[in-house]
Amino acid sequence: MTTADTPLTVQTIGSIDDVSKQDWDRFVGASRTMPSSSKIESNAEYNPFISHNFLSALERSGSVSRETGWMPQHLVLSGPKGEILGALPAYIKSHSQGEYVFDHAFADAWERSGGQYYPKFQCSVPFTPVTGPRLLLASDVEHKSGQLALASALCQINDKYGFSSAHITFMPEDHARNLANVGFLLRTDQQFHFINDNYANYDAFLETLTSRKRKNLKKERRSALDNDISIEWLTGDQLTEDIWNIFFQFYMDTSSRKWGRPYLTREFFSLITKTMPEDILLIMAKRDGRYIAGAINFIGSDCLYGRHWGCVEDHPFLHFEVCYHQAIDYAIKHGLSRVEAGAQGQHKLARGYLPVTTYSSIYIPHEGFRDAVADYLDHERQEVGEIGEILKTRGPFKAKNEAN
């Protein structure tokens, strides 16, 4: 990658296990829990969702497959001696479910005009609306040129297959903007993240809020634990098969109602417990000696990622306590800089989660279709930006002149 005449090869593979864990995990940074003697040589922040363990568990469990509409077709970038220099997790999709960046309107418009929108290329972590690197590169590769090499190869393969489009979702902003150089369109959206300003504890965080918001959150947390509800944090060897059986019941109940089809199989949870137990945090609520609700979180090197929630009993404010307040407690106690609590949700604003822009890229080879989508995205980006600025003024925090 350092010289213009360095020969490079990009190939597609049908399974993440076609690449060794050692080779793939060169790209993902070092976990907080990884022993210092085996830390990966990388300056990247560890993101558990792009790890070989996580992506392999999705495939081995059958959560992603041709049958579920997520057929793995990852791109691997190799050097002249066959050494792996980069990769791009990618899937051939026959629908737009489980992506969290919605393109149903694009599909409808394209098919009403006589086109075939599916299959398409989806470059992402399935079922996971978390920003992280998608154009994965070894630390000794010049990243801007490496990203463009992978993205250009994606476009060529997309055109060879005759797909309508290729989507790279939840990318770092600079990566997404860089792809404009090879014909990708930029798309933005919004999430809400908690930013840990080196708080000593949750009470220190509360002191930064206005009096009314502080009072409301204290009352909300007390109410959530009425009826003698207690909270437990489970990780590592505490994640037994019995615990997963209970949590999977929660997951199935909520996901069946919310999406109509649960994405993850029961085996997925067993697999990640075998390979990455220290990267998992279950926050579980218990009443009368039995678990009644819980949320699964993943632990990065500097971030707690909230993912799935479920319950078998409904209690006022318990969802907010388990998913948002407890996550803040954990992040502060363990020195994590932020909590990312999933997609959408303006209700998070009142609980200390601030609006953050997310970035995705879309490649569309058909000129007319591309122009129509580009016009739509211009307006969408403007709206996302304007709403974000408004929401920043409506957060729960004291004005700067009130801080002292």
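1. Start with E340. In this predicted model, E340 is buried, with a relative accessible area of 5%. Its side chain meets that of R338 in a salt bridge, at 3.0 Å from N to O. R338 also counts as buried, because its relative accessibility of 18% falls under the 20% cut-off.

2. Next, a network. Salt bridges that share partners join K93, E99, D103 and K120 into one network. A search of the whole structure finds 20 salt bridges. The points that follow take the network residues K93, E99 and K120 in turn.

3. Look at K93. This residue is found in strand β5, which covers residues 91-93. Its relative accessibility is 0%, so K93 counts as buried.

4. What does the side chain of K93 make a polar contact with? The partner is the side chain of E99, at 2.5 Å. A polar atom of the K93 side chain also lies 3.2 Å from the backbone oxygen of H95. So trace both the side chain of E99 and the backbone of H95 when viewing K93, because K93 is a buried residue at 0% relative accessibility.

5. Which residues does K93 touch, leaving out those up to four places away in sequence? They are G69, W70, E99, Y118, P119, K120 and Q122. Two of these, E99 and K120, are also named in the network.

6. Now E99 and K120. Their side chains meet in a salt bridge, 3.0 Å from N to O. The pair links distant parts of the chain, 21 residues apart. E99 sits in the loop between β5 and α3 (104-112). K120 belongs to strand β6, residues 120-123. Are these two buried or exposed? Both E99 and K120 are buried.

7. A further pair is E313 and R290. They form a salt bridge, with the closest N and O atoms 2.8 Å apart. This pair, too, links distant parts of the chain, here 23 residues apart. E313 lies in the loop between β13 (303-311) and α10 (318-333). R290 lies in strand β12, residues 290-299.

Terms used. Residues are numbered from 1 along each chain as its sequence is written. This is a predicted model: local features need pLDDT of at least 70, side-chain atom pairs count only at pLDDT 80 or more; totals for chains, interfaces and linings use all residues. Side-chain values use heavy atoms; hydrogens and water are left out. Helices (H or I, at least four residues) and strands (E, at least two) are DSSP runs, numbered from the N terminus. Buried means under 20% relative accessible area, exposed over 50%, partly exposed in between (1.4 Å probe, protein chains only). A polar contact is a pair of N or O atoms within 3.5 Å; within protein, one must be able to donate a hydrogen and the other to accept it, and residues adjacent in sequence count only if both atoms are side-chain atoms. Contact means heavy atoms within 4.5 Å. A salt bridge is a side-chain nitrogen of Lys or Arg within 4 Å of a carboxyl oxygen of Asp or Glu.
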